[in-house]
Amino acid sequence: MEHNSQIDGIMSSAMESLRDMVDVNTVIGDPVVSADGSTMIPVSRVCFGFVAGGGDLNKPNAKPDDQSNKPFAGGAAAGVSVQPVGFVVMGEGQVRVMPAQYYAPVDRIIEMAPQLIDDIRSWIADCKNSGK
């Protein structure tokens, strides 16, 4: 039963280290205000992994039925990966997402669709008002 508490201690230590490495500011960064008054908020993808294990070691010359006072060995490891995804940009009365990586042209068209629709509506309204 003593070994369970040792495994718990190893796991708690590794999880505490992960908690120290990753917080909400890692995913959604601090806002940055540009010279033109636009606000940019960095957004990242965070992935992490965790593994822990342990076991009893056999003592030399120990009797097979002697389960007490066996030496214990254990360990834990954790890893974190932070990948920039893009920026949320707020300014000039609109909010848009600017990706941090290059995407295929189709992705770019989908991203630009709301702005394109607004431009077409504005052009149609201008044409109606001018009598064309």
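1. A residue is counted as buried here when its relative accessible area is under 20%. By that cut-off, buried residues make up 10% of the 132 residues in the chain. The model is a predicted one, and the points below should be read with that in mind. The chain exposes about 10200 Å², and 59% of that area is supplied by carbon and sulfur atoms.

2. On the overall layout, the chain holds three helices and four strands, and these elements follow one another along the sequence in the pattern α-α-β-β-β-β-α. Among the contacts between residues at least 6 apart in sequence, 52% join residues that are at least 24 apart.

3. The four strands make up an open sheet with the order β1-β2-β3-β4, in which the pairing is antiparallel. β1 and β4 (94-99) are the edge strands, since each of them pairs on one side only.

4. The pairing of β2 with its two partners deserves a separate look. Strand β2 covers residues 39-56, and 18 bridges join β2 to β3, a strand of residues 72-91 that runs antiparallel to β2. Within this pairing, Gly-55 stands opposite Ala-73 in β3. Towards β1, by contrast, two bridges join the antiparallel strands β1 and β2, and here Val-32 is the residue that stands opposite Met-40 of β2.

5. Is Ser-38 buried or exposed? Its relative accessible area is 11%, which is under the 20% limit, and Ser-38 is therefore buried. Leaving aside residues up to four places away in sequence, Ser-38 touches Val-32, Val-33, Met-90 and Gly-91.

6. Thr-39 is found in strand β2. With a relative accessible area of 18%, Thr-39 falls under the 20% limit and so counts as buried. Which residues does Thr-39 touch, not counting those up to four places away in sequence? The list consists of Pro-31, Val-32, Val-33, Val-88, Val-89 and Met-90. Val-32, Val-33 and Met-90 are also among the contacts of Ser-38.

7. A last point concerns the largest pocket, in which about 300 Å³ of space lies. Twelve residues line this pocket, and those nearest its centre are Arg-96, Val-97, Glu-111, Met-112 and Gln-115. Sorted by class, the lining has six nonpolar, two polar and four charged residues.

Note on methods: Residues numbered from 1 in each chain as written. Predicted model: local features only at pLDDT ≥ 70, side-chain atom pairs only at ≥ 80, totals over all residues. Heavy atoms only, no water. Buried < 20%, exposed > 50% of the residue type's maximum accessible area, 1.4 Å probe, protein only. Contact = heavy atoms within 4.5 Å. Pairing = 2+ DSSP bridges. Areas by Shrake-Rupley, 256 points an atom, 1.4 Å probe, with all protein chains shown as cover. 1 Å grid on protein atoms, 1.4 Å probe; cavity = no way out; pocket = protein on both sides within 12 Å on 5 of 7 lines; lining within 4 Å. Points joined across faces, edges and corners; volume = space filled by probe spheres on them. Nonpolar A, V, L, I, M, F, W, Y, C, P; charged D, E, K, R; others polar.
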